[in-house]
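This report is written for a reader meeting the structure shown below. Its sections pass from the chain as a whole to single residues.

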Amino acid sequence: KFTRIAIALLAIAAVAAPAFADSKISGYYRMQGVGQNIKQISDDSDTESLIDNRLRLRYQNDINDYVSVVYYGEVDTVWGAQSKGNAAGGIGGGGQLGADGVNVETKNAFLDFVFPDSAYAVRVGVQGFGDHAENTILADDMAGARLVRKGSNYAATLFYSKWDENGGTTWDDVDFYALQTDINFTDSVKGGLDLYWVDDNDDAIDVDDNPLGQELDLYFISLHGDTKMGNMGLNGFVNYVTGELAESSVGAADIDVDALMASAKLTGKMAGADLGLRLIYYTEDDDANDIGAWPEAPGAFEFHRENLAIFLHDIYYNNTGEGARAIRDAANEGHGLFGAVLSGNYKLPGTWYSKFGLGYFAAVDEDSDGDGVDEVVGTSLGTEVAAMVGTKVAEKVDISLRGAYAFLGDFYDAPAGSTLGDPDDLYKVTFMINSSF
């Protein structure tokens, strides 16, 4: 009897093996212990301390040479806290005593297929989609479909996504359309033109200065370029947004949307270090009759590779509260923004490495909406210094310590007559264990 069972199990395994032969599992586990006060600007800010971990698993099955299926899941656990999917009185506490959290989230679930003997490929389902402009327009997961055509020196992508389905009727949803191009002009020069349209018919997108409008159309035009010169490189982009917000009052004029931003980064190698200098610029809102603040990007992960964590995004951010104070406090509020960031990555002896970032940020104008009234007393947001040192253990486990400190400028000073006083400088310190597989 045992022999017959063993033979049956081996037969099942033999039949199933071809289905798993082209399967891949990848992802990462990340645990972080964080101490910070970056969520508030005050003269008596409290330190928040917590431990947080994230597990992401990506499963891909290549069905044949043309078709594959991908599932990408995530489990987030803040130690001592309920899981995100656990309603009051539900099953388990996730990070609390007893665990058993209801906390598996789907990041991606899509089908890829290539048309045989053609230059076309399609991806349909829940997938990630982002711009070529350091996520300043968008970078997020969404349900959608993309069509890609690749040539010998170019690629073109058409993309559609529905961001909000408002009851299944025809004209009350939020739809997103995109065209992206990548062109290799020479071996060392490439670039392209991207076009994006957010068609918001149910007022689901939150835009600064939105005066109860019911419909919003945003049109983004983005030019991006990249060039190499030996061990030096230069890349950059220019984004422009225009559009119209429908005024809710009967007989009132619609409100125009108009804003521009740009950035460029020079990279190179010196004394064994990879160095970069990035400049950032957002225009201010200088007209009280339109919307001139740059809209907040879905996904909110702008400039996360600059080794900063307070004025820009922390690349390793999980659920501990983000930074990006320069973009949220100035650019998205209509003050405009100028930033200069020096960053570097340096390999130390053995398995050790280090990273650093130094950035200065300033608003373009104290007036945030062009009405002639200054909402802040100065333009200097301040200076951030950040550093990270780490090592790899057993080739796959990365252990590191990083910290960032922001010296706040007069942009955050209290106006005359306020009892706030001088706000505390901001800081963030993180111990991390990270393993990619």
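## Contacts, elements and burial

Among contacts in the protein chain between residues at least 6 apart in sequence, those joining residues at least 24 apart make up 57%. The model is a predicted one, and its protein chain has two helices and 18 strands. Of the 437 residues in the protein chain, 40% are buried.

## Confidence of the prediction

The pLDDT of the protein chain averages 89, and 87% of the residues score at least 70. In the stretch formed by residues 204-213, by contrast, the pLDDT is below 50. Beyond near neighbours in sequence, this stretch still has 25 contacts in the model. Where pLDDT is low, predicted coordinates should not be read in detail.

## Aromatic pairs

The whole structure contains 15 aromatic pairs. One of them is formed by Phe220 and Trp294, whose arrangement is edge-to-face, at 5.8 Å centre to centre and with 65 degrees between the planes. This pair links distant parts of the chain, since Phe220 belongs to strand E10 (residues 216-229) and Trp294 to the loop between strand E13 (273-282) and helix H2 (325-329), 74 residues apart. Phe220 and Trp294 are both buried.

Trp294 also pairs with Tyr282: the ring centres lie 6.3 Å apart and the planes stand at 75 degrees, so this pair too is edge-to-face. Tyr282 is in strand E13 and Trp294 in the loop between E13 and H2, so the parts tied together here are twelve residues apart in sequence. Tyr282 is buried, as is Trp294. Elsewhere, one aromatic cluster is made up of Phe129, Phe159, Trp163, Phe176 and Tyr196.

Ala259 is found in strand E12 (residues 255-270). Is this residue buried or exposed? The relative accessible area of Ala259 is 3%, and buried means under 20%, so Ala259 counts as buried.

Which residues does Ala259 contact, leaving aside its neighbours within four places in sequence? They are Asn239, Tyr240, Val241, Thr283, Gly292, Ala293 and Trp294. Trp294 is thus a contact of Ala259 as well as a member of the aromatic pair with Phe220. For Ala293, the C-alpha to C-alpha separation from Ala259 is 6.3 Å in space, although the two residues are 34 apart in sequence.

## The enclosed cavity

Rolling a probe the size of a water molecule over the atoms shows where empty space is left. Here the count comes to one cavity of 30 Å³ or more. The space in the largest cavity is about 100 Å³.

Its lining consists of 13 residues, and those nearest the centre of the cavity are Val198, Leu218, Phe220, Glu296 and Pro298. By class, the lining of the largest cavity holds eleven nonpolar residues, one polar and one charged.

## The second largest pocket

The second largest pocket contains about 240 Å³ of space. Of the 16 residues that line the pocket, Asp112, Phe113, Val114, Ala121 and Val122 lie nearest its centre. Two or more residues of the lining come from each of strand E3 (67-78), strand E4 (104-114), strand E5 (120-130) and strand E6 (139-150).

Which element gives the most to this lining? Strand E5 does, with four residues. The residues lining the second largest pocket divide into nine nonpolar, two polar and five charged.

## Two alanines with positive phi

Ala271 has a phi near 55 degrees, which is a positive value in a residue other than glycine. Ala271 is located in the loop between E12 and E13. Exposed means over 50% relative accessible area, so Ala271 is exposed with its value of 69%.

A positive phi near 55 degrees is also found in Ala394, again a residue other than glycine. The loop between strand E16 (380-393) and strand E17 (397-408) holds Ala394. The relative accessible area of Ala394 is 65%, so Ala394 likewise counts as exposed.

Key:
Residues numbered from 1 in each chain as written. Predicted model: local features only at pLDDT ≥ 70, side-chain atom pairs only at ≥ 80, totals over all residues. Heavy atoms only, no water. 1 Å grid on protein atoms, 1.4 Å probe; cavity = no way out; pocket = protein on both sides within 12 Å on 5 of 7 lines; lining within 4 Å. Points joined across faces, edges and corners; volume = space filled by probe spheres on them. Nonpolar A, V, L, I, M, F, W, Y, C, P; charged D, E, K, R; others polar. Phe/Tyr/Trp six-rings, centres within 6.5 Å; stacked < 30°, edge-to-face > 60°. Buried < 20%, exposed > 50% of the residue type's maximum accessible area, 1.4 Å probe, protein only. pLDDT = per-residue confidence, 0-100. Contact = heavy atoms within 4.5 Å.
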